[in-house]
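Here's a quick, friendly tour for anyone meeting this structure for the first time. Take a look, then read on.

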Amino acid sequence: MLQVVIVLLLVVSAAVEQVLQVRHDSSSEARNRSVAVAQSFANAPGTAAALRLPDPTTVLQPRAEAARKATGVDFIVVMNTEGIRYTHPKPDRIGKKFVGNIGPAVAGGTVTEEVQGTIGELVQAVVPVRDTDGKVVGLVSAGITTAHVGGAADQQLPLLLASAGAALALATAGTALVSRRLRRQTHGLGPNEMTRMYEHHDAVLHSVREGVLIVGGDGRLMLANDEAQRLLDLPPDAERRRVGDLGLDSDTAELIASGRVATDEVHLVKDRLLAVNQRPIEVRGGPPGSVITLRDSTELRALSGRAEVARERLNMLYDAGVGIGTSLDVTRTAEELGELAVPRFADYVGVDLYDAVLKGEEPKPGDALRRVAFAGVRKDSPLYQIGERIRFVPSSPQGRCLVTGESVVEPRLRDAPGWRAQDVELTGRILEFGIHSLITVPLRAGNLVLGVVNFCRSEKLAPFDAEELALAEELVARAAVSIDNARRYTREHSMAVALQRSLLPRSLPEQSALDIAYRYLPAQSGVGGDWFDVLPLSGARVALVVGDVVGHGLHAAATMGRLRTAVHNFAALDLPPDELLGLLDELVGRIDQDETPTDSTAPVSGATCIYAIYDPVSRRCTVARAGHPPPAVLGPDGSVRFPDVPPGPPLGVGGLPFETADLELPEGSSLVLYTDGLVEDRRRDIDEGLDLLAGALESAAGTTPEETCAAVLERLPARPSDDVALIVARTRALGPDRVAEWQVPADPAAVSEVRAKVTRQLADWDLEELSFTTELILSELVTNAIRHGRGPIGVRLLRDRTLICEVSDASTTSPHLRYAASTDEGGRGLFLVAQMAERWGTRYTPAGKVIWAEQQVS
């Protein structure tokens with residue numbers, strides 16, 4: 001009956017809800033449709049024009065009736081702004097006043113309202129009709145009865161009743177199934193049989209030597225046998241009381257009340273150690289609650305304690321194998337040892353190493369030690385702190401440990417006079433702080449003692465014993481292997497870095513075209529083949545080169561040295577950037593062919609390079625690159641751009657020529673060359689790196705090149721994953737007041753005129769003492785150009801750190817210095833030039849060649 005009543009109530013509720021929903025949907029649909037029809041008719045072409053006719057009804061009445069039938073509304077009424085109808089489904093109502101609210105529509109708005117009309121409950125909408133100027137010239141009303149948009153309730157009611165009948169049938173069937181299951185659960189037993197079964201169950205329950213509790217779903221104790229009352233010391237009226245009110249300890253009460261699954265959980269209840277098992281009983285179809293069994297295991301307490309200690313030590317040794325030596329860094333490995341041992345084994349741990357170990361060298365006995373790692377439960381301990389140098393006296397545990405190589409344990413520091421002899425005042429403060437026990441273990445790697453590790457206790461009252469000494473030695477032995485590996489790696493890394501730095505320029509050459517600052521950062525692991533150079537060229541020009549050999553290690557560093565030497569030699573030929581890179585490409589290809597891979601070395605698989613030549617006279621910079629990141633230019637106004645320099649293939653690939661780009665650099669611009677380690681790593685791609693570089697350069701606008709380098713490197717991690725080479729070169733210009741040039745006719749008689757002009761120019765520069773040698777040099781060079789070259793012939797003087805004389809012509813034939821015989825009439829000109837000048841040489845240009853000579857300016 002209860003099920004039938006519930007189903008009927010649900011049916012009635014559903015029917016009421018359905019009717020209300022249908023009424024709401026009908027009203028909404030009627031409003032939407034009436035508004036849509038009225039607006040469509042009001043905005044239809046010709047509606048506004050028809051309202052201006054003398055008889056609008058003639059035009060609008062047929063249209064309104066046609067629209068009404070097409071849209072399914074009950075009426076469409078067109079009226080003027082005073083509400084006088086022009087159209088209506090019933091012609092006798094035309095000319096009469098519209099019934100409804102038209103004020104908002106006259107004002108330009110839309111009105112919807114529900115009214116009770118002669119045809120029933122309906123919804124009507126009134127909208128304005130506007131002319132081309134937006135003025136309201138009339139109104140349109142459309143209406144529809146809600147009955148025309150309803151009717152869904154009648155269709156859905158049979159489905160609702162059918163669902164109700166199905167629900168009633170399912171409920172009845174469910175009741176029958178439950179009744180049948182209950183009969184099956186009791187196996188058809190009557191009251192007598194059930195009573196006898198309960199008596200047998202009760203007798204067995206109270207005779208077993210294991211405590212049994214049954215707790216209900218509400219947290220009340222339903223049953224406790226005699227053994228459970230004895231073990232837990234329960235009060236006589238414990239049953240039907242909440243577990244929290246039985247006077248049990250908090251952990252045991254929390255476990256019993258929680259009802260969670262527990263297997264042999266050990267709880268200390270007063271002086272008994274109980275093994276507790278708990279299982280829920282509702283999972284097998286029983287009532288809510290849980291059953292708990294208790295077993296007295298006090299005898300196993302000592303044994304389990306020792307097993308727990310052994311398990312903890314094994315876990316610590318396992319963690320040491322995994323957590324110590326994760327990096328090839330001596331200091332970090334020592335720190336990992338301290339982090340592992342505190343507070344699991346000791347309250348304070350200090351690791352002291354010889355300074356030589358930190359440098360990758362073998363320790364020297366007798367030297368002082370340095371504390372490289374310290375960990376403790378408190379930060380205000382009076383023990384030696386990180387960075388302090390310590391020289392232990394021979395009587396101290398550490399001193400004895402370093403001499404004998406054996407571990408020392410001092411269970412009671414207060415009774416250890418040798419330890420107190422290290423520093424009476426300091427050891428007194430340590431004892432007052434509460435540190436009472438010490439183990440000192442040598443860090444041994446083969447026959448080498450790298451340092452000592454000190455384990456101290458203060459919070460734990462038990463002193464160190466022999467078993468703990470063995471554990472400390474095992475921990476330190478594992479750490480010693482990792483520290484020695486890190487030491488060896490540090491030594492090899494230092495050697496590789498030293499080799500690489502020895503191959504890099506130690507100082508920049510003197511020149512006046514650029515203010516230059518540079519940085520080189522080795523990689524965090526391994527040594528790469530990054531290099532850079534600054535090469536003064538003829539004509540006050542300067543060449544900048546930055547390169548990167550693929551790979552790491554000593555082999556890459558040695559290859560970098562070979563490439564740097566090659567660049568020096570090729571630059572001495574005064575080659576343009578594209579030709580120089582072409583020669584480097586051939587050299588790297590030959591190196592790749594000559595190298596034979598072995599187990600310890602790998603062949604060079606290529607290199608990248610960027611080569612730029614800056615001319616302070618023209619302020620032009622010619623750049624070519626081979627697979628290298630593009631240069632950056634920081635303008636005097638603080639703007640940053642990455643010029644479009646043709647990339648070219650990496651060196652050693654071959655097959656394609658290199659191209660150059662000419663950059664116009666105003667004075668005060670900064671040309672920035674770098675390797676890919678600056679802008680690319682595993683955490684970001686090169687585009688993001690270039691954006692970061694541009695931001696750093698913009699923030700450093702207006703600063704010196706040194707400050708610009710510092711600002712750029714601030715954006716890098718402390719230890720980059722790849723080598724970084726960086727050059728920042730701020731341009732200078734050689735002004736017109738320090739440059740003089742003339743065109744020379746191809747006539748030997750013009751040589752005297754050139755000498756006169758040069759003499760006057762040197763007088764203007766206050767360099768009269770160089771007039772004789774300069775006239776002699778230019779006379780020989782101009783005469784050779786007239787005799788052996790082709791026009792046009794030009795002469796240029798540059799006053800820089802030196803006085804530079806240049807003679808240019810259109811011939812590509814290079815003169816050669818030779819020693820003339822005593823009977824030769826000529827051939828001594830270049831010999832004289834070489835003797836008079838500090839340096840001289842030839843460079844080729846697209847228009848021919850330039851022969852130049854430099855003299856020192858006092």
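## A salt-bridge network

Glu339 counts as partly exposed, at 48% relative accessibility (partly exposed lies between buried, under 20% relative accessible area, and exposed, over 50%, with a 1.4 Å probe and protein chains only). Its side chain meets that of Arg332 in a salt bridge, 3.1 Å from N to O (a side-chain nitrogen of Lys or Arg within 4 Å of a carboxyl oxygen of Asp or Glu). Arg332 is partly exposed too, with a relative accessible area of 31%. Together with Glu335 and Glu336, Arg332 and Glu339 are linked in a network of salt bridges.

## Where the model comes from

This is a predicted model, where local features need pLDDT of at least 70 and side-chain atom pairs count only at pLDDT 80 or more, while totals for chains, interfaces and linings use all residues. Residues are numbered from 1 along each chain as its sequence is written, and side-chain values use heavy atoms, leaving out hydrogens and water.

Searching the whole structure turns up 34 salt bridges. One of them joins Arg378 to Asp380, with the closest N and O atoms 2.7 Å apart. Arg378 is partly exposed at 36% relative accessible area, and Asp380 is partly exposed at 48%.

Arg738 also forms a salt bridge, this time with Asp800, and their closest N and O atoms are 3.7 Å apart. This pair links distant parts of the chain, 62 residues apart. Arg738 is partly exposed at 30% relative accessibility, whereas Asp800 is buried at 16% relative accessible area.

Note on methods
Helix = DSSP H or I, 4+ residues; strand = E, 2+ residues; numbered from the N terminus.
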